[in-house]
Amino acid sequence: MTDQTVETLSPRAILEKLVSFPTVSKDTNIPLIDWVSDYLSSHGVENFRHDHHKGEPKQGLFAHVGPAIEGGVVLSGHTDVVPVEGQAWDTDPFVLTEKDGKLYGRGSTDMKGFDALAIWAMVEAHKKGISRPLQLALSYDEEVGCTGAAPLIKDMARLPKASSVIVGEPTMLEPVSGHKGGMQIGVHVKGYEIHSSLQKYGVSAIHWAATFIEWINQENERIWATEPPEMHKLFNPPWSNMHVGTIQGGTAHNITAKDCFFKVSIRLMPGADVDGWKKLLADKAAELTAKMQDIHEHAGITLTFGDYHLPPFAPQPGNNVAEELVRQVTGANGAHYVSYGTEASHFQLAGYDCVVCGPGDIAVAHQPNEYLEISQLEAGETFMRKLLEELS
């Protein structure tokens, strides 16, 4: 088929299709990629698939429209979403449902709304013709540490390099100039099992994990009591912090726990000393291990670094082409910095100039009854039309 004989979908129709694919990070996203690739190809848009860098059944996709020259714009989005298990939804999370001016569905805001707009814009750019290239980058595994972005960006080297990247995370279409980074450390607390009536002679992995986590609480309180540098005051909150989101361990209520596992996530301010944070955690683990081994020689705490590390995204002096482009398109002049992380970090590391700007409110992302306001989708379409005018 050619682009004259195939139906051209609206951003809303594309969003409805994208939401229908349950692309939770633990599952495959290939049916969604199949659909996007077929849709773009049917309109004559050249696109490429990128296989998961660790061989999992997932794919990324990137595409190019316009002349084969450098200096274009990349529209960057991710295809995975967070789980819905344990959340009380009023509608089917994988059926886009309109109520009271809002479109409900998992990923509607984070970030299939932007993905839909970007796919629509690629087709429009191809139909109308543009003098500067427009590219699309759809990744996987963003919700589990932005781990799919770097290999996708490396694969995109086959395309002429763009000068600007717009990462479409939800910002209510306000340009965001910087965000915190992230790091995750795996923690294995190894205890010594014994009947709980003889607890004094055993080592409870759970109890010692609680001691470690309470130290994390105290460290956060200490950090929050300090005066942040002026640049950090642009963020809310203006400090780095540590957090434990889940914990597993133990065998039975009457046995001291042999093992306990959790992960420490750290939100890092720009300029944070990554090695210093690692040493802080390692020193505390060593201190607690010594005390545990006073009770039993095989007890202790092991840290695993390298689960993921997302560098902070910070403005680069004299290199803000992407931000200037978005400000020209939106008319926005305010300075915005956020505490959540995005794939802008990896694009910036690869030498791209970046800005974060997309429809929707981050406050509803990951929540039950996640929604995108119809007005934001419409504003996003206006944004894309103006961008295409700039590229023309």
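Predicted model: local features only at pLDDT ≥ 70, side-chain atom pairs only at ≥ 80, totals over all residues.
Student: What is the phi of Asp141?

Tutor: The general idea comes before the case. Most residues other than glycine have a negative phi. Asp141 has a phi near 60°, a positive value, and Asp141 isn't a glycine.

Student: Is Asp141 buried or exposed?

Tutor: Buried means under 20% relative accessible area. Asp141 has 6%, so it counts as buried.

Student: Where is His366, and what is its phi?

Tutor: You'll find His366 in the loop between strand S14 (353–356) and S15. Its phi is positive too, about 70°, although His366 is not a glycine. Its relative accessible area is 33%, so His366 is partly exposed.

Student: How do I read a cis peptide bond, and which residues does one join here?

Tutor: As a general point, most peptide bonds are trans. In this model, a cis bond joins Asp110 and Met111, with omega about -10°. Met111 belongs to helix H3. Another cis bond joins Asn236 and Pro237, where omega is about 0°. Pro237 is in the loop between helix H5 (205–224) and S10.

Student: What about a cavity: how many of 30 Å³ or more does the structure hold?

Tutor: A cavity is a space where the probe fits but cannot get out, whereas a pocket is open. This structure holds one cavity of 30 Å³ or more, and the largest cavity has a volume of about 40 Å³.

Student: Which residues line the largest cavity?

Tutor: Among them are Thr109, Met172, Gly360, Asp361 and Val364. Strand S15 (residues 371–373) gives the most, three residues. By class, the cavity lining divides into four nonpolar, three polar and two charged residues.

Student: How do I describe two helices that meet, and at what angle do H1 and H9 cross?

Tutor: Look at how their axes run. The axes of helix H1 (residues 11–19) and helix H9 (residues 374–391) come within 10 Å and cross at roughly 120°. H1 and H9 are therefore oblique to each other. In H1, Pro11, Arg12 and Leu15 meet Ile374, Leu377 and Glu381 in H9. That contact has four nonpolar, no polar and two charged residues.

Student: Last one: where is Gly105, and which residues is Gly105 in contact with beyond its neighbours in sequence?

Tutor: Gly105 is in the loop between strand S5 (102–104) and helix H3 (108–128). With neighbours within four places in sequence set aside, Gly105 is in contact with Val19, Trp89, Pro93 and Glu370. At 0% relative accessibility, Gly105 counts as buried. From Gly105 to Ala118 is 13 residues in sequence and 18 Å in space, C-alpha to C-alpha.

Notes:
Residues numbered from 1 in each chain as written. Heavy atoms only, no water. Axes fitted to C-alpha atoms, helices over the stretch in contact; angles between N-to-C directions. Helix = DSSP H or I, 4+ residues; strand = E, 2+ residues; numbered from the N terminus. Parallel < 35°, antiparallel > 145°, perpendicular 65-115°, else oblique. Contact = heavy atoms within 4.5 Å. Nonpolar A, V, L, I, M, F, W, Y, C, P; charged D, E, K, R; others polar. Buried < 20%, exposed > 50% of the residue type's maximum accessible area, 1.4 Å probe, protein only. 1 Å grid on protein atoms, 1.4 Å probe; cavity = no way out; pocket = protein on both sides within 12 Å on 5 of 7 lines; lining within 4 Å. Points joined across faces, edges and corners; volume = space filled by probe spheres on them.
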